[in-house]
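Colleague: I have a chain open and want to go through it with you. Can we start with the overall fold and then look at some single residues?

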Amino acid sequence: MDDIKSEVIKLYENRDDVTLTTYILEDSPELLNGKRRPAVIICPGGAYFSCSDREGEPVALKFASMGYHAFVLRYSTYGEGKNEFPDLSKPLPVKEHCQYPNPMRDIGKAMLILHEHAARWFVDTDRVAVCGFSAGAHNTAMYAVNWHEDVISSYFGENKEKFRPAAAILGYTLSDYVYMREAVKGFNPMDTAFFAASSTAFLGEAEPSKELLEAVSPAMHVSKNTPPVFLWATAADNLVPVQHSIRMAHALADQKIPFEMHVFEEGPHGLGLATQASAESKSQIYADAAKWSDLAGCWLEKRFALPLPEKSSFEALLEKGL
């Protein structure tokens, strides 16, 4: 019997680029024996140009090792499934089907798929976390503060409770686009061009209005409906400043939403697991930052403890003297 069932599911019949890859743990009499497991939906980063492989399967396997079903969502991005960046020396044509609010809605569609297959996959749909990195963390944060809004439920014509996430895990997230526009002024020309292109990919224009930037700043929309959040980042991140995680934490504290935050001193943007499991080079391996996943596991277990009996079946047999 295979330990993990993996398949790629298209979210929409007319699109090949938006997919959900499953990492489903097989049921076994020696494990949960028919009980349902919590799950984690993972949104890789990629500046809304693409979805990074480094922040996909390696992260899914890490959560699977903790006993959770995992799902990697390749949401709507400008590259339409291609793992590449556009030519930043030229203005980008607008692709409306890839931009806001579609990436956020894709998470909602993934939640509906989990509900649809919950019985067959043994998924506990009351305990589904959303997890993201960089732009994927921004998309995850947007979903966490908007899951109950009509922009998602009315679009799919489904009850709002089907979209409720139980927790959110945000790695080096962007949380405040208004702040980011000011921060970009101090960037080098290449990073400035990168951010302008990313804005075009996500919002359809390189210089969006303040009103639109506020609408897509999750730190400005935290409410009593926002689930508990785990935040992690590095102080040395020079692409998405750590202030974004701090601003999100501040907003969560203001609304008394449970959260935990870890800021590691060293490490560049885009670390993924920060181990060789997700590294393209040695420059992406940082032992301290790599602790985030185990810390997130401890945090998640407070909410997602598996439904295990007090004693194993073998121990029960021994007590009976068999």
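**Fold and residues**

Modeller: Of the contacts (heavy atoms within 4.5 Å) in the chain between residues at least 6 apart in sequence, 75% join residues at least 24 apart. This is a predicted model: local features need pLDDT of at least 70 and side-chain atom pairs pLDDT 80 or more, while totals for chains, interfaces and linings use all residues. Numbering starts from 1 along each chain as its sequence is written, and side-chain values use heavy atoms, without hydrogens and water.

Colleague: How many helices and strands in the chain?

Modeller: Eleven helices and nine strands. The chain is as compact as a globular protein of its length, because its radius of gyration is 20 Å, close to the 20 Å that the globule rule gives for 322 residues. That radius is taken over C-alpha atoms, and the rule is 2.2 Å times the number of residues to the power 0.38.

Colleague: What does the C-alpha trace span along its principal axes?

Modeller: About 75 × 45 × 40 Å.

Colleague: What share of the residues is buried?

Modeller: Buried residues are 54% of the 322 in the chain. Buried is under 20% relative accessible area, exposed is over 50% and partly exposed is in between, with a 1.4 Å probe and protein chains only.

Colleague: Now Ser278. Buried or exposed?

Modeller: Ser278 counts as buried because its relative accessibility is 2%. Ser278 sits in the loop between β9 (259-264) and α10 (292-304).

Colleague: Which others are buried in α1?

Modeller: Val59, Ala60, Phe63 and Ala64 are, along with Pro58. After α1 comes Gly67, with a positive phi near 100 degrees.

Colleague: Which residues other than glycine have a positive phi?

Modeller: Ala47 is one of them, with phi near 60 degrees. Ala47 is in the loop between β4 (37-43) and α1 (57-65), and its relative accessible area of 12% makes it buried. Tyr172 is another, with phi of about 35 degrees. Tyr172 is in the loop between β7 (167-171) and α6 (177-184) and counts as buried at 4% relative accessibility.

Colleague: Where is the cis peptide bond at Pro101?

Modeller: Between Tyr100 and Pro101, with omega about 5 degrees. Pro101 lies in the loop between β5 (69-74) and α2 (102-116).

Colleague: Last one, Ala235. What does Ala235 touch?

Modeller: Val242, Val263, Phe264 and Glu265, not counting residues up to four places away in sequence. Ala235 is in the loop between β8 (229-234) and α9 (243-254), and it is partly exposed, with a relative accessible area of 47%. The C-alpha atoms of Ala235 and Ala183 are separated by 15 Å, and the two residues are 52 apart along the chain.

Terms used. Helices (H or I, at least four residues) and strands (E, at least two) are DSSP runs, numbered from the N terminus.
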